Amino acid sequence: MITFRLGLRQARHKATAPLLRFSRSVKTSTVDWKPVKANPGNLSTLEHQAKTPILRRFLLALMVAMPVISFGLGCWQVKRLQWKADLIAKCENNLAAAPMEEIPAVIDPAIIPEFDYRRFKCKGHFDYDQEMFLGPRMRDGQVGYLVVTPFIREKGKPILVERGWISKDRVVPSTRNRGYLAHLAMPQGEIEIEALFRQMPTRSKLQFEHEPGSRLFNVHDIPAMAEQSGSLPIYCQMIHDMHDHPEYKSPEDVASTNARSTNKSGGSGVLGRLWSKSSPTTTSNKADSQFISAHGDDNTMVYQEFEYVKSGVPIAQHPKLKFSNNHLQYLITWFGLSVASAGLLIWSFIKKQRYSSADKMLEHKRKSF
């Protein structure tokens with residue numbers, strides 16, 4: 001009886017199987033569901049962290065030290081900003097003050113920082129035998145050098161005076177002592193100059209040392225310049241001036257200029273008048289010579305820079321401050337880094353506290369198994 005019933009059921013199942021296979025309309029989903037990710041603070045992470053305790057301590061110490069260090073650097077930049085503002089204000093006051101009519105015979109080099117950018121007048125003459133060159137320096141696409149010449153004062157030891165920039169073709173003195181601007185290129189005799197005191201940066205250990213006896217300097221090495229030229233370690237810069245200075249001319253130059261002017265005018269005799277009438281070009285030269293003789297002592301004449309470059313006249317610096325004040329940017333950078341690192345440290349502590357209970361629970365379950 002039992003066998004009959006099993007046979008009957010099998011027969012019914014075989015009969016209805018094709019009907020179920022062809023009448024089924026539900027399809028299995030083929031979507032690849034993303035697997036469930038484990039908690040960031042799972043046991044594998046804890047095991048990995050337990051293997052590198054020194055590295056974790058170092059990173060934690062770095063995260064704690066970063067806000068403190070950056071905040072200290074920000075406070076230091078606040079002081080630097082105040083110091084630079086006071087320095088610029090002091091130099092602006094020195095530059096705006098009236099020039100000192102006379103400087104003392106004995107000058108202490110230690111007080112020069114207090115007189116940085118202070119203008120002064122001094123009488124004396126240049127010592128061209130101890131002339132030095134600083135460079136090379138570029139100006140308007142031309143290679144040249146800064147001329148530094150000891151200035152022998154009437155009273156006191158010589159001082160170092162930066163006269164200005166000249167092209168490399170006028171470095172040799174014989175190329176500068178000729179022409180109508182020779183009295184500006186190489187003034188002779190007793191003259192009065194106007195310059196300003198400058199505190200130049202000291203030579204660092206990374207820069208090349210000066211070769212003793214050489215007249216070429218790569219950087220402002222004031223002690224080496226003073227020792228080589230026998231001057232005081234006091235550095236000065238002449239002020240940019242394109243005006244003529246007839247007082248720089250020596251008596252011999254004045255006499256020779258007058259003689260050339262008389263010769264070019266053709267004299268005052270009959271032959272001179274005939275010569276002046278026979279050549280229109282000579283008439284123009286006579287007018288030019290008369291103008292030069294009439295205005296030879298006019299210090300209001302202004303020359304162009306290309307004339308200075310061609311004649312070898314040093315082009316001095318413009319009297320303006322050359323300070324850069326970027327301490328406010330540094331201040332914002334350090335304080336911003338301090339706030340960002342402090343926020344990151346707080347976030348890491350909050351994250352650790354959030355998963356600490358779950359990690360302990362998982363670790364306890366693992367030990368129980």
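## Salt bridges, a buried glutamate and a nonpolar patch

R139 and E305 form a salt bridge, with their closest N and O atoms 3.0 Å apart. This pair links distant parts of the chain, since R139 is in strand β2 and E305 in helix α9 (residues 305-311), 166 residues apart. A salt bridge here is a side-chain nitrogen of Lys or Arg within 4 Å of a carboxyl oxygen of Asp or Glu. Helices (H or I, at least four residues) and strands (E, at least two) are DSSP runs, numbered from the N terminus.

The model is predicted: local features need pLDDT of at least 70, side-chain atom pairs count only at pLDDT 80 or more, and totals for chains, interfaces and linings use all residues. Residues are numbered from 1 along each chain as its sequence is written, and side-chain values use heavy atoms, with hydrogens and water left out.

**Overall make-up**

The protein has 10 helices and 7 strands. Of its 369 residues, 30% are buried; buried means under 20% relative accessible area, exposed over 50%, and partly exposed in between (1.4 Å probe, protein chains only). Among contacts with a separation of 6 or more, 72% are between residues 24 or more positions apart, a contact being heavy atoms within 4.5 Å. The protein exposes about 25400 Å², and carbon and sulfur atoms supply 60% of that area. Accessible areas come from the Shrake-Rupley method with a 1.4 Å probe, and for residues only the protein chains shown count as cover.

**Salt bridges**

The whole structure contains 5 salt bridges. Three of them are tabulated here.

| Pair | Closest N to O distance |
|---|---|
| R139 and E305 | 3.0 Å |
| D221 and R203 | 3.5 Å |

In the pair of R139 and E305, R139 is partly exposed at 24% relative accessibility, and E305 is partly exposed at 28%.

R198 is buried at 11% relative accessible area, and D116 is buried at 3%.

D221 forms a salt bridge with R203. D221 lies in the loop between β6 and α5 and R203 in the loop between β5 and β6, so the pair ties together parts that are 18 residues apart in sequence. D221 is buried at 11%, while R203 is partly exposed at 26%.

**The loop between α3 and β1**

This loop also holds E114 and Y117. E114 is exposed at 51% relative accessibility and touches K90 and N94, leaving aside residues up to four places away in sequence. The C-alpha atoms of E114 and Q199 are 9.2 Å apart, although 85 residues separate the two in sequence. Y117 is buried at 2% and has a positive phi near 70°.

**Other backbone features**

Most residues other than glycine have a negative phi, and most peptide bonds are trans. D140 has a positive phi near 55°; D140 sits in the loop between β2 and β3 (142-153) and is exposed at 70% relative accessibility. In strand β2 lies P136, which is joined to G135 by a cis peptide bond with omega about 10°.

E131 is in the loop between β1 (119-126) and β2 (132-139). E131 is buried, with a relative accessible area of 0%. The side chains of E131 and R176 are joined by a polar contact of 2.9 Å. A polar contact is a pair of N or O atoms within 3.5 Å; within protein, one must be able to donate a hydrogen and the other to accept it, and residues adjacent in sequence count only if both atoms are side-chain atoms. Leaving out residues up to four places away in sequence, the residues that E131 touches include V147, V148, T149, P150 and R215.

In helix α5 (residues 222-229), the buried residues are I222, A224, M225, A226 and S229. The buried residues of α5 pack against β2, β3, β4 (159-167), β6 (216-217) and β7 (235-238). Just after α5, G230 takes a positive phi of about 70°.

**Nonpolar patch**

L55, F58, L59, L62, M66 and L337 make a nonpolar surface patch of about 540 Å². Patches are made of residues with over 30% relative accessible area and no salt bridge; like charges are joined within 9 Å, and nonpolar side chains (Val, Leu, Ile, Met, Phe, Trp, Tyr) within 5 Å. Helix α3 (residues 53-96) supplies the largest share of the patch, 5 residues. F58 is in helix α3 and is exposed at 53% relative accessible area.
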